[in-house]
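This briefing concerns the interfaces of the structure shown below.

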Amino acid sequence: MGALPQLYPCGNFEGDAFTVFTNRQVAGAMRGYGMPQAIFALESHTEDIAVKLGLDPVDYRRKTVMPVGYVDSFSKNELYHDTFNQTLDAGMKYIDFRRKQEAYRHQTGDVRRGVGVSLFWYNTAVWPIALETSSCRMVMNQDGSIQLQVGETEIGQGADTAFSQMAAQTLGIPFEKVHIVSCQDTDVTPYGTGAYASRQTYTAGMAIRGCAEEFRKHILDVAYRYTRMQPYLMDIADGNIIRTTDGRILMTLGELALTVLYDRERSEHLTMEKSTQIKTNAYSFGCCFAEVEVDIPMCRVKLLDIINVHDAGLLINPELAKAQVHGGMSMGIGYALSEKMLYDNKTGKLLNGNLLDYKLSTMMDHPHLEAQFVENPEPTSAYGTKGLGEPPVPPVAPAIRNAILNATGIAFNEIPIRPHLMYEEFMKAGLIHGREAAKNV
Amino acid sequence: MYDIKALYEATTVDEAVSLRQEHPEAVIIAGGSDVLIKIREGKLAGRELISIYGIDSIRGVSMEHDGTLRIGSLTSFSHIVSSPLIREHIAVLGEAAGMVGGPQIRAIGTIGGNTCNGVTSADTASTLLAWDAVIELAGAEGVRHVPIESFYLGAGRADIHSDEIQTGILIRREAYEGFSGHYIKYGMRNAMEIATAGCSVNVKLSPDGNNIERLRIAFGVAAPVPIRAHKTESQWTGKPADDETAEGIACSVLDDVKPRDSWRASRDMRLHLCSEMAKRAFLEAVRRNKERRV
């Protein structure tokens, strides 16, 4: 509900929300839950307005979208940069939007092409709707490497790599010296609220930075005992204790860890743990452009090209960020074109509860997935980052839907746009004539 | 995980026939891409299996002295895709085999299994039907040949006697020489898919390339078993190989096909698709046949 007046701010918005109970499959969390649905409705509607008024879909969006400096009164999230124009520019350039828009005007024939666009907005983490907290533990080994533990979990997205990069950077040790504990066990793991709401680099980033800064300070205090140098004259760089005034290496972290552990007077195991509550949130924005070819008599859509452009703040690991976007785009493609739970009308029984009949899109259904970024640092974030886990999904389905509209003139108001739905809508629109007419030829 | 009562393995056709006689209740298994799934689903649980997968003599594609193309029943889809003989004489069968499932299924699944399971959506079945393939079976009384159209008895049922195994699929010289074909698989995605509908068309044009000398059209999922569009074939044989005929074929196949409503697709949609696929497959087959003459 909040999605509508936020992406295109409007002072006169009224909406009703109600919950419907059904006897269908129990719903669970799926990447971006709530947002792919809201953005599909909003960006389909926005496109229909532009088409009806005879306005260019990109220009219309540029004029009406959330302006720079906009602050959400509830979350206090702010649009700090000219993100929408920057991401739209990048997407239009890649897909060659203007030329194709021109080329695809006034098409006739069985096979037609179209281009479509969709914007999206997203929040990082759930503050202030709910609590956000994250904790981090660092334990130094006798060779100067660390064990890193956070409650935020690696679920295939590369979080552990990003966390290790963060810890290495703030602590001043090489990346290879960070041993992250990948398997989380609530008996021993410091508390984190989980992998949801595209929060982990943002929230765990704060716990990691907070922990690493205190740990660094503590290490330098301990180093004073052996180097006789004041802590403020020292730093940790590349795994060494250095004197900042002349850059001299005073001792390695390994030497320090070993020495202090076996110190007969003041033995100490170097370790730090810190819990952080997060009371900010950050907008994540971007757009998607899709190009399709619709074979009208065959009721088939072929996705020719697609690009997502994201402003997820600074990227910790650009290759992992791209992979994150590819995965989201793939899920968006299935959401747009093929994934649908089918029920028996009489019994309500799920008919396609298997991976043959529930049609996830395959590699053979994807064109090249282009992922680009506009890196505007997020001011509230420990490492300039903001959400990227779920944001790749929401804009994909409306961009594909709007491309199909551009190609055929048919404005689909439901997804997935499967051949069955196209058959019905193309019949209604007179684009195809079915078997009866064929018999009259 | 797999509830199997017993597994008997044959390495020769004779052994397989003996095992069939000794264990009449046993299920034949080749690559296992159908049978093992059914066992796991519980449909064939607790049964005895006769594996014929080790009978190397019925694996591979060869040409007999009289020009008959022989495809051993154990030949995998991926083998068919890459076979030079298939590519030269009946390229469309390789294309159809290449649309089955994914690479793993194509490596283990066999063309014999694809026909013996009697499934209307089988990707190679409509093409074999469209090329007048002959099924070869070996049993206690010797070898039996059955035209593929009568091999299919009904949904999931094929004409295999209790002492028999299928040993080969034959395509006679007169059935392939001078023909070009095209197969369209209509699925909801481009891999890991069972056809919602399928159409295989082949033509042999007159020496001047203008008229249809022979026309064969087969459909998958347009009836409980793969079917031929006989009425359409005879109606348009001898007619010009042009767009007008293609439109005519698109209409007349509607009298040949009998698709049903199911939750996978409506009857009306399937009829529409059969019509459109027949037209397109015909035009592509004609184009290929003309190209072949150049």
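In this predicted model, the side chains of B:E193 and A:K359 meet in a salt bridge, with a distance of 2.5 Å from N to O. Between chain B and chain A the count is three salt bridges. The contact between these chains takes 26 residues from chain B and 26 residues from chain A.

**Contact between chain B and chain A: elements and composition of the chain B side**

- Two or more residues of the side of chain B that touches chain A come from each of strand 11 (180-186) and helix 13 (267-293) of chain B.
- Helix 13 of chain B gives the most to this side, with ten residues.
- By class, the residues of chain B that touch chain A comprise 14 nonpolar, four polar and eight charged.

**Domains of chain A**

- The domain assignment divides chain A into domain 1 (3-125 + 282-434) and domain 2 (133-277).
- Taken over C-alpha atoms, the centres of domain 1 of chain A and domain 2 of chain A are separated by 40 Å.

**Contact between the domains of chain A**

- In chain A, 22 residues of domain 1 are in contact with 19 residues of domain 2.
- The area buried between domain 1 and domain 2 of chain A is about 1,500 Å², and carbon and sulfur atoms give 57% of it.
- How many salt bridges are counted between domain 1 of chain A and domain 2 of chain A? The count is zero.
- Nine residue pairs are in polar contact across the interface of domain 1 and domain 2 of chain A, with both residues at pLDDT 80 or more.
- On the side of domain 1 of chain A that touches domain 2 of chain A, strand 1 (111-124) and helix 9 (318-337) of chain A each supply at least two residues.
- Strand 1 of chain A provides the largest share of that side, three residues.
- The residues on that side of domain 1 of chain A divide into ten nonpolar, nine polar and three charged.

Methods
Residues numbered from 1 in each chain as written. Chains lettered and ligands numbered in written order. Predicted model: local features only at pLDDT ≥ 70, side-chain atom pairs only at ≥ 80, totals over all residues. Heavy atoms only, no water. Domains from an automatic or database assignment. Contact = heavy atoms within 4.5 Å. Buried area = accessible area lost by both parts, 1.4 Å probe. Salt bridge = Lys/Arg side-chain N within 4 Å of Asp/Glu carboxyl O. Polar contact = N/O pair within 3.5 Å; in protein donor to acceptor, adjacent residues only side chain to side chain. Helix = DSSP H or I, 4+ residues; strand = E, 2+ residues; numbered from the N terminus. Nonpolar A, V, L, I, M, F, W, Y, C, P; charged D, E, K, R; others polar.
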